[in-house]
Structure formats: structure tokens, C-alpha cells
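Please consider the structure shown below. The discussion concerns the terms applied to it and the grounds for applying them.

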Amino acid sequence: MIESRILLLLVAGALACAPTYAADVAAGKAKAEEVCVDCHGDDGKGDDESPDIVKITEKEFVTAMQEFQNGKRNDPAKMAQKMVREAKKLSAADIANLAAYYETLK
């Protein structure tokens, strides 16, 4: 019993000390310029066909990208289909970086 508590404390301590990696805003900006600005503009506010992605939270942004990738968001509209194609090209790091970048535009 004591051994399992010690092990639990060691694991908890190791997790607390583990490095966390913040999203890279500069990489997010570069990816946005490469992938997003054609539809969402330089400011992320979109137009009549593309939504304002600056209004959503980082968490909402990540969730939306994941839903485009996994097919949960799959509207037959032309713009939505483009979004699905573009989202599927993004890595998890790309998504985190983009979310962090768009958060800075608020």
C-alpha cells in the first residue's frame, strides 16, 4: 500500500515537472498566411461566405478544425468542402498554432 502511494506521488511529481509546450503564434501566423487568408482575410474576420474566426475561442477553433478533419462538419456547401480539404492538411501543432495566432487578433 505504501509503495503504491509513493509511486503515485512520484508519477504526479514527474507530470507536474514535465515541460509543456506553448503554441507558436509566429508559426500560426505563417500558416494562416499560407492557408487561411484567402477566405478569412488578413484579420480573420472573413466575409459574406467565410465566418469571422476571431470571434471564437481557441478551444472552439481547435474543436471546429478537428470536426472538419473527422467529418463531423461536412456541409455540402462549396466553402465548407474547401474547409474540410484544408483542415485535413493541418497537423495538431498547426491547429494549436493557428488557434493561438487568431486569439492574438481579438
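The following questions and answers set computed values against their definitions.

This is a predicted model in which local features need pLDDT of at least 70 and side-chain atom pairs count only at pLDDT 80 or more, while totals for chains, interfaces and linings use all residues. Residues are numbered from 1 along each chain as its sequence is written, and side-chain values use heavy atoms, with hydrogens and water left out.

Q: Why is Asp94 called buried?
A: Buried means under 20% relative accessible area, exposed over 50%, and partly exposed in between (1.4 Å probe, protein chains only). Asp94 has a relative accessibility of 17%, and therefore counts as buried.

Q: Why is Glu49 called exposed?
A: The relative accessible area of Glu49 is 57%, so Glu49 is exposed.

Q: Where is Glu49 found?
A: Glu49 is in the loop between α3 (37-40) and α4 (58-70); helices are DSSP runs of H or I with at least four residues, and strands are runs of E with at least two, numbered from the N terminus.

Q: Which helix holds Asp94, and with which residues is Asp94 in contact, leaving aside neighbours within four places in sequence?
A: Asp94 belongs to helix α6 (residues 92-104). With those neighbours left aside, Asp94 is in contact (heavy atoms within 4.5 Å) with Lys31 and Lys89.

Q: How many helices and strands are in the protein chain?
A: The protein chain has six helices and zero strands.
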